[in-house]
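Subject: Structure handover

Hello,

Here is the structure for your files. Please look it over first; my notes follow below it.

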Amino acid sequence: MSDDTPPWESKPAKQEALYIHWCMHEGCKKWGSWGFNGRYGVEWFCFEHKDDGAKTPK
Ligand SMILES: [Zn+2]
């Protein structure tokens with residue numbers, strides 16, 4: 001029993017666009033599970049880069 005299944009793998013393909021959002025940090029290919037209200041809408045970052053979003057000036 002593994003709990004490693006990424007969240008997107010259990011979602012219907014139809015809904016992928018709504019749920020898949022990668023970390024917006026340049027060069028980062030991780031899953032962006034942290035959302036921040038940025039200047040141009042919601043910006044997503046992984047745990048490692050969530051400070052990037054938190055620092056975004058409003
Ligand atoms: Zn990242």
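Helices (H or I, at least four residues) and strands (E, at least two) are DSSP runs, numbered from the N terminus. On that basis the chain has 2 helices and 2 strands. Their order from the N terminus is α-β-β-α.

A word on the ground rules. This is a predicted model, where local features need pLDDT of at least 70 and side-chain atom pairs count only at pLDDT 80 or more, while totals for chains, interfaces and linings use all residues. Residues are numbered from 1 along each chain as its sequence is written, and side-chain values use heavy atoms, with hydrogens and water left out.

Overall picture

The chain has 58 residues, and 17% of them count as buried. Buried means under 20% relative accessible area, exposed means over 50%, and partly exposed lies in between (1.4 Å probe, protein chains only). The accessible surface of the chain comes to about 5,000 Å². Carbon and sulfur atoms hold 53% of that surface. Areas come from the Shrake-Rupley method with a 1.4 Å probe; for residues, only the protein chains shown count as cover.

Contact means heavy atoms within 4.5 Å. Take the contacts between residues at least 6 apart in sequence: 7% of these join residues at least 24 apart.

The zinc site

Which protein atoms are the donors of the zinc ion? They are C23 (SG), C28 (SG), C46 (SG) and H49 (ND1). They lie 1.9 to 2.4 Å from the ion. Donors here are N, O and S atoms within 2.8 Å of the metal (3.2 Å for Na, K and Ca); water is not among the atoms, so sites may look incomplete.

The site is tetrahedral, with angles of 103 to 118 degrees among its 4 donor atoms. The cut-offs: four donors count as tetrahedral if all angles lie between 85 and 135 degrees; four count as square planar and six as octahedral if opposite donors are over 155 degrees apart and all others between 65 and 115; anything else is irregular. For reference, the ideal angle for four tetrahedral donors is 109.5 degrees.

The donor spacing in sequence is C-x4-C-x17-C-x2-H. C23 and C46 link distant parts of the chain, 23 residues apart. C23 sits in the loop between α1 (16–19) and β1 (34–38). C46 sits in the loop between β2 (41–45) and α2 (50–55).

C23 is buried, at 6% relative accessible area. C46 is buried too, at 3%. Beyond four places in sequence, C46 touches C23, C28, K30, W31, G32, S33 and W34. C46 and C28 are 18 residues apart in sequence, and their C-alpha atoms are 8.6 Å apart. H49 lies in the loop between β2 and α2. H49 counts as buried, at 14% relative accessibility. Not counting residues up to four places away, H49 touches C23, H25 and C28.

The salt bridge

How many salt bridges does a search of the whole structure find? It finds 1. The side chains of K30 and E48 form it, at 2.3 Å, N to O. K30 lies in the loop between α1 and β1 and E48 in the loop between β2 and α2, so the pair ties together parts 18 residues apart in sequence. A salt bridge is a side-chain nitrogen of Lys or Arg within 4 Å of a carboxyl oxygen of Asp or Glu.

K30 is partly exposed, at 41% relative accessibility. E48 is exposed, at 53%. Leaving aside neighbours within four places in sequence, K30 is in contact with W22, C23, C46 and E48. The zinc donors include C23 and C46. The C-alpha atoms of K30 and F45 are separated by 8.1 Å, and these residues are 15 apart along the chain.

H21

H21 is placed in the loop between α1 and β1. H21 counts as buried, at 16% relative accessibility. A polar atom of the H21 side chain lies 2.6 Å from the backbone oxygen of G32. Setting aside neighbours within four places in sequence, H21 is in contact with W31, G32 and W44.

Best wishes

Key
Polar contact = N/O pair within 3.5 Å; in protein donor to acceptor, adjacent residues only side chain to side chain.
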